[in-house]
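Biologist: Could you walk me through this model? I would like to begin with a strand pair and then move on.

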Amino acid sequence: MSLKRVLVVNKTFPQAGLDLLKKGGIQATVLPYSDNEPEILPEIKKNINGYDGLIWNTKHRLTAEILNLAGSQLKTVSTMSSGVDQVDVEEVKSRGIRLGNVLRVLDNAVADITVGLLIATARRFKEGVQEIERNEWKTGVQWMLGMDISGSTVGIVGFGGVGQAVVRRLKGFDVARFLYCGRSDKPEAKELGVERVPQEQLLKESNYVILACPLTPETKHLINADTLKLMKKTAVLINIGRGGLVDHEALYDALKEKRIFGAGLDVTTPEPLKNDHPLVSLPNCYIIPHLGSATIHTRNDMATISAQNILHGLKDETMKFPVC
Ligand code: DGY
């Protein structure tokens with residue numbers, strides 16, 4: 001293989017991935033910008049021409065315009081995420097470019113965050129901390145009561161690796177029923193004791209609704225004013241998928257009017273969410289800044305898989321996690 005050139009579009013790419021590219025004989029260039037810097041997108045556009053591979057580790061969208069700038073020699077692209085909503089997949093596919101993403105290695109870290117969010121929201125951590133900070137810590141048996149996990153019904157929208165890892169963790173919490181809904185039957189469900197039901201039934205019957213599916217045109221705003229009405233007044237919504245799965249205005253109204261008990265969000269639209277966003281002001285909305293896969297080990301593994309995708313793609317071998 002002649003020397004191949006790969007552009008890593010965001011400087012935060014972990015060294016583990018760069019080391020693997022180097023070992024594979026790839027000349028990698030890393031753009032010296034991160035998503036926190038407004039220059040990143042113009043710099044990507046300015047510098048992207050002429051590479052054989054791209055590591056698209058940015059929230060910015062990989063569009064036809066950017067692919068045109070990249071040039072027709074571009075052969076392979078990898079994200080450093082499981083989600084590919086930041087890529088125009090159809091456009092990439094139509095040009096015969098191979099695209100890979102990163103699965104499995106982040107399931108455990110994201111599942112940990114899901115369980116953390118679920119407990120924090122159900123047991124009102126945010127309100128409790130706020131009361132302490134305001135010096136309003138009251139006592140009494142009726143103060144700051146939350147929701148139980150034991151005996152509950154947990155419904156998971158999208159039963160992939162993360163959803164399954166969540167169930168494995170929650171098995172220790174004496175949950176009464178696990179439900180899932182999604183596009184296809186999952187063979188793992190039987191062994192884990194999880195029942196597939198239509199989405200409407202899941203929303204009606206679950207005490208905890210966990211969104212763990214990708215954002216696609218079909219799943220955009222799957223939680224909206226109408227579907228929120230199906231949920232129990234005592235229900236807790238957890239979103240670890242993508243912000244776009246939830247209509248934030250409708251969620252705000254439902255939380256404000258206490259039509260559901262609470263929401264725990266690891267993902268929002270937009271990201272970063274400004275502190276004057278209405279959802280931030282709600283005591284029953286617990287938001288964390290997209291920390292799902294943010295552990296040292298997981299991010300190193302994710303970078304390694306991205307680099308493997310590129311190496312396989314450039315050698316016309318099957319990628320570990322091919323998207324197209
Ligand atoms: C992903 O990889 O899509 C996750 O959301 C990252 O945390």
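Modeller: In this predicted model, Ile238 stands opposite Gly264 in S11. Residues are numbered from 1 along each chain as its sequence is written. Because this is a prediction, local features need pLDDT of at least 70, side-chain atom pairs count only at pLDDT 80 or more, and totals for chains, interfaces and linings use all residues.

Biologist: How many bridges join S10 to S11?

Modeller: Strand S10 (residues 236-239) and strand S11 (residues 262-265) run parallel and are joined by four bridges. Strands here are DSSP runs of E with at least two residues, helices are runs of H or I with at least four, and both are numbered from the N terminus; two strands pair if DSSP finds at least two bridges between them.

Biologist: And what order do the strands of the open sheet have?

Modeller: The seven strands follow the order S8-S7-S6-S9-S10-S11-S12, with parallel pairing. Strand S8 (194-196) and strand S12 (285-287) stand at the edges with a single partner strand each, so one side of each has no neighbour in the sheet.

Biologist: Changing topic, which residues surround the ligand?

Modeller: Ser81, Ser82, Gly83, Leu106, His290, Gly292 and Ser293 surround the ligand, where being near means that the C-beta atom, placed from the backbone, lies within 6 Å. This shell divides into one nonpolar residue, six polar and no charged, with Leu among the nonpolar types, and Gly counted as polar.

Biologist: What does UniProt list for residues 115-292?

Modeller: The unreviewed UniProt entry lists them as "domain: D-isomer specific 2-hydroxyacid dehydrogenase NAD-binding", although such annotations may be inferred rather than shown by experiment. That span is 30% helix and 16% strand, and its end C-alpha atoms lie 11 Å apart.
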